[in-house]
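Walk through the structure below, one region at a time. Start with the sheet, then move on to the helix pairs and the loops.

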Amino acid sequence: MTTVRRAVLTLPAAPLGPDNPLPALRAPAGPGAHAVDARTLAELPRDMARGIGRAPLRSLLPAPVRDGYGRARTPAGLDTIVIENERLRVTVLPGLGGRIHSLHHKPTGRELLYRNPVFQPAAFALNGAWFSGGVEWNIGATGHTTLSCSPLHAATVRAPDGGPMLRLWEWERLRDLPFQVDLWLPEGSDFLYVGVRIRNPHEHPAPVYWWSNIAVPEDRRILAPADAAWHHGYERGLCRVPVPVTEDGTDRTYPLNSTHAADWFYDLPEEQRRWIAALDADGTGLVQTSTDPLRGRKLFVWGTGRGGRRWQEWLTEPGTPGYAEIQAGLARTQLEHLELAGGEEFSWLEAYGPLAVDTAAALGDDWPSARADVERTLAGALPRTAVDTAYTAWRESAADAEPDEVLAAGSGWGALEVLRGGHTLPGTPFPEATLGPEQYPWRELLRTGVLPPPAKGAGPGAPLVSGPWRDMLETAPADPSTEYHLGIAQWHAGDRAQAVRSWERGLKEAVVRWPLLYCLAVADREDGHPDRAAERFAEAFADHGGGERNPTTATEGADVTTSAVTEAATTSAVTEAAATTSAVTEAAATTSAVTEAAATSAALGREALLALLAAGLSGRARDLWGRLPEHDRRGGAFRLIEARLLLAEGRRDAARAVFDEGFEVADLREGAEILGELWARLTDEPLPDAYEFRMRPS
């Protein structure tokens, strides 16, 4: 019989660290890895161009940027939920976006996915922290979801066949939509069933994006039922090419045949069954199929070039085999969004399982025969009608079923939205008990019409930006904290002039000025005033205490706090529980405050230095550099800034020495080329492999 149980997975893991406390006022950073140039856009089919242009992100609000991680890994226990029958064992990470870490086929002893042996965050998600491997659920906007490294709600539910089913759910904040992912293994099945539902509880339509990303070993052949694909590379083009052999004579269905990183979006015929498979030299591997609404299929390859290989190494550990991604989405390409009407939903069923086909046919040069053999074998293992029937049974009998046993908790943001909007969402409860400190000020605004100011010494708190919250902020009593949050909501809505006015009003009365100064500095930079932006970034850093604290303050504070927690835990053995709880809570609050202060100082210092250098104010940048805590200056991101500062001062040899000594920028973004560009300004020598992260042809 199928079972669902908790377990712990121990891996070498880099801690996530604190979120960036600065509001994410800008759209996702980077060189436009997922963009399409205007000339290409004009040549695309009209409906595709319309989907690509639908509701681009103005900012990452209200999601936080997650950049507090490093690259030092130590063994750590990760909470998992294991779904198992006599054929498959599925390991899920509820605290990390609900990712499927492993899909193990027990009769053959085969791992069907690429399973990363470490947990190493990297800056690939829209808001930063992401990790490779397994099957991830991407919702929100083009790219990896902001929930990549966030906890989801998890509980057991009755599956359509009466057995246990794992439900994952959360409130996606970029598009303000709830979603659920139901996973179950019918008794005796070789296939994992996954039912997905995205609901729009609002009256207005919403843009929707979904791609299920499946990591597989890259020494596979990727097969899909298509004769053409839309090719997208880091040159920002999008063109339709033949499959499997492109115009240059290369069979692109083998990931290792590509030199550079690229996407291949397969153009499936309208009535074609949806599937994609990754098969090894023996004709065995993984197949994914779905009901028709999940239209798109894609292959992503890192390529064999130096940049792609460096990224593969960066995401795991040296000596680990590489991987590719096969993917399935709602649209033809990841550049498009669909529109979901108010009060409506998108739902579908996916199935994941093993496949073994005739090697000569599947891996031969006759592409139609290869596809036909896979499709014939899939039909025997899991008929298309069986998938459709399973979807109907899930949607009618299980999708709305209330959870039985809660296994993990997500965030309190869904509970806050249900409280505000009075939404009824059968099957995905967001109880008030999940509300936490981040939601408290907003619950008070909802209850009283007044937004409470932050506690003394605390940051300004997490923002909310949707229309209903903006309306409440506009009628709340004006004070610096309210003006700060109102300006953020106005900025997100596109009313940037009014946002600046709100921040300027708040600044006149503010005792703690840095949050408002930071926002005004971003506005100055976006409006093309680099000198004024640099001044305001530097002023924000100084207002937060830049240069006034002993460089060891943050470290000492953390040590003291850890000691307090340890002492409180020890005392718990001999004192009353209430006193112990109070001590631990107070110590934890102190730890949080110290951590937030250190993260804010580092974030403001980094922004200020970059702005000063962009404005050509290297002297001011040098002064600010001297006021940074030593532990910040030793970080890889600041070492890169140091090299840029030295070059701006004309100290080329000293800047080169920074590279020679070695550094790692933990939150280097996908597609970033700054390391290569800076190196080229220092020397004509080839860029060392350690700094080679370029993902497009020279």
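Which strands does helix α6 lie across? Helix α6 (residues 384-397) lies across β10 (164-172), β11, β12, β20 (284-290) and β24 (345-356). Its direction runs at about 135 degrees to β24. Contact here means heavy atoms within 4.5 Å. Axes are lines fitted to C-alpha atoms, for helices over the stretch in contact, and angles run from 0 to 180 degrees between N-to-C directions. Helices (H or I, at least four residues) and strands (E, at least two) are DSSP runs, numbered from the N terminus.

A word on the source. This is a predicted model, in which local features need pLDDT of at least 70 and side-chain atom pairs count only at pLDDT 80 or more, while totals for chains, interfaces and linings use all residues. Residues are numbered from 1 along each chain as its sequence is written, and side-chain values use heavy atoms, with hydrogens and water left out.

Now the sheet. Nine strands form an open sheet, in the order β15-β19-β20-β24-β12-β11-β10-β9-β25. The pairing is antiparallel. Two strands pair if DSSP finds at least two bridges between them. The edges are β15 (221-223) and β25 (406-408), each of which pairs on one side only. From one strand to the next, the twist averages 20 degrees. Look at one pair within this sheet. Strand β11 (residues 177-184) and strand β12 (residues 192-199) are antiparallel and share six bridges. Phe179 stands opposite Ile198 in β12.

Which residue forms a salt bridge with Glu405? Arg6 does, at 3.9 Å from N to O. A salt bridge is a side-chain nitrogen of Lys or Arg within 4 Å of a carboxyl oxygen of Asp or Glu. This pair links distant parts of the chain, 399 residues apart. Glu405 sits in the loop between α6 and β25, and Arg6 in strand β1 (residues 3-13). The whole structure holds 52 salt bridges.

Turn to the helix pairs. The axes of α10 (residues 480-493) and α12 (residues 514-526) come within 10 Å and cross at roughly 25 degrees. Angles under 35 degrees count as roughly parallel, over 145 as roughly antiparallel, 65 to 115 as roughly perpendicular and the rest as oblique. Therefore α10 and α12 are roughly parallel to each other. Their crossing is left-handed, meaning that the near helix is turned anticlockwise from the far one by less than a right angle. On the α10 side, Pro480, Tyr484, Ile488 and Trp491 make the contact. On the α12 side are Pro515, Leu516, Cys519, Val522, Ala523 and Glu526. By class, this contact has nine nonpolar, no polar and one charged residues. Ala, Val, Leu, Ile, Met, Phe, Trp, Tyr, Cys and Pro count as nonpolar, Asp, Glu, Lys and Arg as charged, and the others, Gly among them, as polar.

Next comes α18 (residues 636-648) with α20 (residues 674-682). Their axes come within 11 Å and cross at roughly 30 degrees, so α18 and α20 are roughly parallel to each other. The crossing of α18 and α20 is left-handed. Leu640, Ala643, Arg644 and Leu647 in α18 meet Ile674, Leu675, Leu678, Arg681 and Leu682 in α20. The classes are seven nonpolar, no polar and two charged residues.

Finish in the loops. The Leu61 to Pro62 peptide bond is cis, with omega near 5 degrees. Pro62 is in the loop between α2 (46-52) and β2 (74-84). Ala55 is in the loop between α2 and β2. Its phi is positive, about 50 degrees, although Ala55 is not a glycine.
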